[in-house]
Amino acid sequence: MAQVQVLDFPELITVWKQYTFEPPMICLSRTLPLLFLTVPALGQKYPNDQAITPDRLHAHLEYVASDEMGGRDTPSLGLDLTSKYLATQLNLWGAKPGGDGGSFFQKIKLVKNRPAAPGDTTTEGVTWTQNVVAIIPGTDPKLAKEYVAFGAHSDHIGTRKSGDGDRIYNGADDDGSGTVAILEIAHAFLTGKRPKRSLIFVWHCGEEKGLWGSKHFVDNPTVPLKDIVAQLNIDMIGRSKKSDDTNPANKVLTGPHEIYVVGSTKMSTDLQRVSEAVNKSFLKLAFNYKYDDPKDTENIFYRSDHYNYAAKGIPIIFYFDGVHEDYHRPGDEVSKIDFEKMAKVTRTVYATGWTIANLDKRPVVDKPLGQ
Ligand SMILES: [Zn+2]
């Protein structure tokens, strides 16, 4: 594990200036308090990032993406068992339940396999599924009323109904990687120093069906949406492209020390600055902004759960490794996961969350969506 290089002040200013999107000096005067807040955080290693290891991530993923989970369709027994696994771990580590009625589950009613309309009283063809929600209270009497949100989706696309060979869509990368990454981020905060703001973790169901779980959460938030200062979303961070890989299906897959960072440049200059400064002073991953290009034809910004938070005015950062040869195929297995990469990205998201949760001022949304 490379030693973190601590940037001294002049060097930090150089780094900082590279990422100032609106140069006027006033910006600097507003940035300085932010700058000083982050410098101390940057000066010292993050409190507990080292608790996040490839082995721990691997251990959880062996369960979450196992054949027994049957591809975690929404709704399904596999998804229920995965949700139970998450709640059991969180309870063990002392997280506060953030779901319905003091539980870790936010129940969602489905009628004929579609989310029921608010107030729907149907009893026929009703099934239930759930988001998993956990809270870690902050330490500052004032700032603890605000939240940094972490998100992933615990569901995937289930099992192929017919055909020979492997029919289970294990979803190890999509989104088993994000599911266990934010679990380990919660563990790192629960077993280490707590930040000033509170933290909320949401494992969304029904993402593959159309962002159902995140839509339900932002329409029925268990904490006031206005108090969520940013949302950090992870969906697929476990695969990496090898240098000799010529498979066209892996054309846009990121390398072992690279990750797509989506949405951080879209809504909040403050958030983008924090994201860049943390990375530059920590693991120095190659942040690829390809999908923040307004001309992006893949519409990646709209295709995972962070979008429902962004649509409510919450600034987001989405971490994504790129589609690959096993995307939505039975071959998306644990055996193909690059756990070293996954741990680096997870630690970077932890460090970014820690820094946002300790800012004096919440990131300003100076570029609201659609404006
Ligand atoms: Zn996904």
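Lys112 is exposed, with a relative accessible area of 64%; exposed means over 50% relative accessible area, buried under 20% and partly exposed in between, with a 1.4 Å probe and protein chains only. Lys112 lies in the loop between β2 and β3 (114-115), and its phi is positive, about 50°, although Lys112 is not a glycine. The model is predicted: local features need pLDDT of at least 70, side-chain atom pairs count only at pLDDT 80 or more, and totals for chains, interfaces and linings use all residues. Residues are numbered from 1 along each chain as its sequence is written, and side-chain values use heavy atoms, with hydrogens and water left out. Helices (H or I, at least four residues) and strands (E, at least two) are DSSP runs numbered from the N terminus.

**Zinc site**

- The zinc ion is coordinated by His153 (NE2), Asp174 (OD), Asp235 (OD) and Asp235 (OD), at 1.9 to 2.6 Å.
- Donors are N, O and S atoms within 2.8 Å of the metal (3.2 Å for Na, K and Ca); water is not among the atoms, so sites may look incomplete.
- Along the chain, the spacing of the zinc donors is H-x20-D-x60-D.
- Two of these residues link distant parts of the chain: His153 in strand β5 (residues 147-153) and Asp174 in helix α5 are 21 residues apart.
- The arrangement is irregular because the four donor atoms subtend angles of 52 to 145° around the zinc ion.
- Four donors count as tetrahedral if all angles lie between 85 and 135 degrees; four count as square planar and six as octahedral if opposite donors are over 155 degrees apart and all others between 65 and 115; anything else is irregular.
- His153 counts as buried because its relative accessibility is 0%, and Asp174 counts as buried at 2%.

- Helix α5 (residues 172-190) has 19 residues and spans 25 Å from its first C-alpha to its last, close to the 27 Å expected at 1.5 Å a residue.
- The expected span is 1.5 Å times one less than the number of residues in the helix.
- In α5, 19 of its 19 residues are buried.
- Helix α4 (residues 77-93) has 17 residues and reaches 24 Å between its first and last C-alpha, close to the 24 Å expected.
- Buried residues of α4 include Leu79, Tyr85, Leu86 and Trp93.
- The buried residues of α4 pack against α3 (54-64), β2 (105-111), β4 (126-136), α5 and β6 (198-204), where contact means heavy atoms within 4.5 Å.
- Gly94 follows α4 and has a positive phi, near 90°.

**Backbone exceptions**

- Most residues other than glycine have a negative phi, and most peptide bonds are trans.
- Met236 is not a glycine, yet its phi is positive, about 75°.
- Met236 is in the loop between β7 (228-234) and β8 (258-262), and it is buried, with a relative accessible area of 2%.
- The peptide bond from Asp174 to Asp175 is cis, with omega near -10°, and Asp175 is in helix α5.
- The peptide bond from Thr74 to Pro75 is also cis, with omega near -10°, and Pro75 is in the loop between α3 and α4.
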